[in-house]
Amino acid sequence: MNSPASTCRLDPIPTSLLKNCIDVLLPTITKIVNLSLSNGHFPDSLKCAHITPLFKKGKIQNYLRNNKLLGEKQSAYRAHHSTETALLRVYNDLLLTADKGEEAILVLLDYSAAFDTINHDIFFQRLQNRYGVSGNALCWFKSYFTNRSQAVVVNDCISNVHKPVGGVPQGSVMGPLSFTMYTSPVEDIIKAHGMSGMLYADDTQVYAIKSGCDHGATLAKLGACISDIRSWSAANDMKLNDDKTELIHISSKFRTAAPIPSLKIGTTHVEPVNNARNLGVTFDKNLDMNQHINNICRSASSALHKIGKIRRCLDQQTAETLVHAFVSSRVDNCNSLLYGLPDQQVNKLQRIQNSAARLITRTKRSEHITPILRDLHWLSVKQRINFKILLLTFKCIHGLAPVYLQNLIRDYTPRCCLRSSSKSLLVTPPVCTKSYGSRSFQFSSAVLWNDLSIKVKEAQSVTSFKSLLKTHLFSVCSFLSFSA
């Protein structure tokens, strides 16, 4: 009964069914075992096995990584990369631009059914010419992608079988990686035009820094870059959705930015918008994150309301699981972008967390929230933001983060032998404004890291660092509460 419930396809009945009927089947099983032992014979029918090969090491991934063949700014389907790391780098650049009194123009591009339009012949040529895949490896790729079939299933009804002539097998290990390999020339186009950009699968964003008053020149360069991306996409059987392209003119809230004209993309004139959704986060023209925080509060409040309706039917552990799944996940998603925001904005999220804690513990609003959060072992929202930034900083230092984030961090090396030499400090870059420069990852990572104790900094693994860091942040919270 203590055996695992795993079942082999050769088993006459599932293991779970065997355990449920053990009282009836046990005498027969005992007789079979005793006969086998007394006769010295093991049944031939029980000697057959099915071996299932498991994907243990990503050979193609290792090959691409070791030879640096994937674009630096492609963040999809790669170890240590995520939407948050992609957005954090873009947001860092935009904040530092506003900090200098400059402006930026951010363009969010959208593809139509990108994964389904991959041209196999072009992909095989790219594998050979760009990535050096040849011989049996190239033959394997061709065999993997061609002669596939698929059918649509709706309500147990199956359509006729169709053989696709393009696209990548979605839901497979190779499909997403193949897509990023196919679209890697887009990053080359962005670099060739002197633009900055970030890619996450088929979500492509390009941004240009505008230091003067000449909007036309900046828009012309940006338009030329996007025009080349459109031409490349058409030549590679991919189509940009011009109508879904979004444009944001980003500037500091402390200066009056002259409006910019629309950007012509194909036959479409794209007008600037005040905010736009970017990989799940709402970016706005002044980088104040107001709309994003309001969106989080709205969706999290709705989830709390629904959980509250069934709270009396749940035990505390189940209630906490639901809260983490539908509320905490929203509050924590990409929260590293929220560092340095005014308390007025962060407190909106803190009120959501407080309501979630009271819902789980079934305590009244009149009861003080600090002991409740401490009993749940929850860090406050502001401390969770600091936790995320410090975790990413630790990963950057140990090579466990994207290169584009690692490049933002520099070790501090004093000119002469000082006591600070052994404190594992980072260089704090100079910034002009608290509202922008101090919120950048380049600045916040150094400031928060330099305040940590050497014991936390010298953790030997990510797991150990997270444990030590959480303990440290809790001690800081306790000290502040006690002092207050």
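This is a predicted model: local features need pLDDT of at least 70, side-chain atom pairs count only at pLDDT 80 or more; totals for chains, interfaces and linings use all residues.

Helices, at least four residues long, and strands, at least two, are DSSP runs numbered from the N terminus.

**Stop 1: the whole chain**

Show everything as a cartoon. The chain holds 18 helices and 10 strands. Its C-alpha atoms fill a box of roughly 95 × 65 × 55 Å along the principal axes. Of the 484 residues, 43% are buried.

Now think about contacts. Take those in the chain with a separation of 6 or more: 69% of them join residues 24 or more positions apart.

Colour by charge next. There are 56 positive and 35 negative charges, and their mean positions are 6 Å apart.

**Stop 2: helix α8**

Select residues 185-192, which form helix α8. Which residues of helix α8 are buried? They are Pro185, Val186, Glu187, Ile189 and Ile190.

Step past the end of the helix. Glycine 194 follows α8, and its phi is positive, near 70 degrees.

**Stop 3: a nonpolar patch**

Select Ile29, Val33 and Leu37. Together they make a nonpolar surface patch of about 270 Å². Centre on valine 33, which lies in helix α2 (residues 22-39). Valine 33 counts as partly exposed because its relative accessibility is 41%, between the 20% and 50% cut-offs.

**Stop 4**

Select serine 251. It sits in the loop between β6 (246-250) and β7 (263-265). Is serine 251 buried or exposed? It counts as buried, at 6% relative accessibility.

Show its contacts, leaving aside neighbours within four places in sequence. Serine 251 then touches Glu102, Glu103, Ala257, Lys285, Asn286 and Tyr436.

Stay in this loop and pick arginine 255. Arginine 255 forms a salt bridge with glutamate 103. Their closest N and O atoms are 2.6 Å apart. Arginine 255 is in the loop between β6 and β7 and glutamate 103 is in strand β1 (residues 103-109), so the pair ties together parts 152 residues apart in sequence. Arginine 255 is partly exposed, with a relative accessible area of 35%. Glutamate 103 counts as buried, at 5%.

**Stop 5: further salt bridges**

Side chains of opposite charge can pair when their charged atoms come close. The chain has 8 salt bridges, counting a side-chain nitrogen of Lys or Arg within 4 Å of a carboxyl oxygen of Asp or Glu.

Select glutamate 84 and lysine 388. They form a salt bridge, with the closest N and O atoms 3.0 Å apart. This pair links distant parts of the chain: glutamate 84 is in helix α4 (residues 83-99), and lysine 388 is in helix α14 (residues 381-397), 304 residues apart. Glutamate 84 is buried, with a relative accessible area of 11%. Lysine 388 counts as buried at 19% relative accessibility, because the cut-off for buried is under 20%.

Next, select aspartate 343 and lysine 382. Their side chains meet in a salt bridge of 2.6 Å, N to O. Aspartate 343 lies in helix α12 and lysine 382 in helix α14, so the pair ties together parts 39 residues apart in sequence. Aspartate 343 is partly exposed, with a relative accessible area of 43%. Lysine 382 is partly exposed too, at 40%.

**Stop 6: along helix α12**

Keep helix α12 (residues 343-361) on screen and select lysine 348, which is placed there. Lysine 348 counts as partly exposed, at 23% relative accessibility.

What does lysine 348 touch, not counting residues up to four places away in sequence? It touches Asn290, Ile293, Asn294 and Cys297.

Lysine 348 and valine 153 are 195 residues apart along the chain, and their C-alpha atoms are separated by 44 Å.

Definitions and conventions: Residues are numbered from 1 along each chain as its sequence is written. Side-chain values use heavy atoms; hydrogens and water are left out. Buried means under 20% relative accessible area, exposed over 50%, partly exposed in between (1.4 Å probe, protein chains only). Contact means heavy atoms within 4.5 Å. Lys and Arg count as positive and Asp and Glu as negative; His and the chain ends are not counted. The place of a charge is taken as NZ of Lys, CZ of Arg, CG of Asp or CD of Glu. Patches are made of residues with over 30% relative accessible area and no salt bridge: like charges are joined within 9 Å, nonpolar side chains (Val, Leu, Ile, Met, Phe, Trp, Tyr) within 5 Å. Accessible areas come from the Shrake-Rupley method with a 1.4 Å probe; for residues, only the protein chains shown count as cover.
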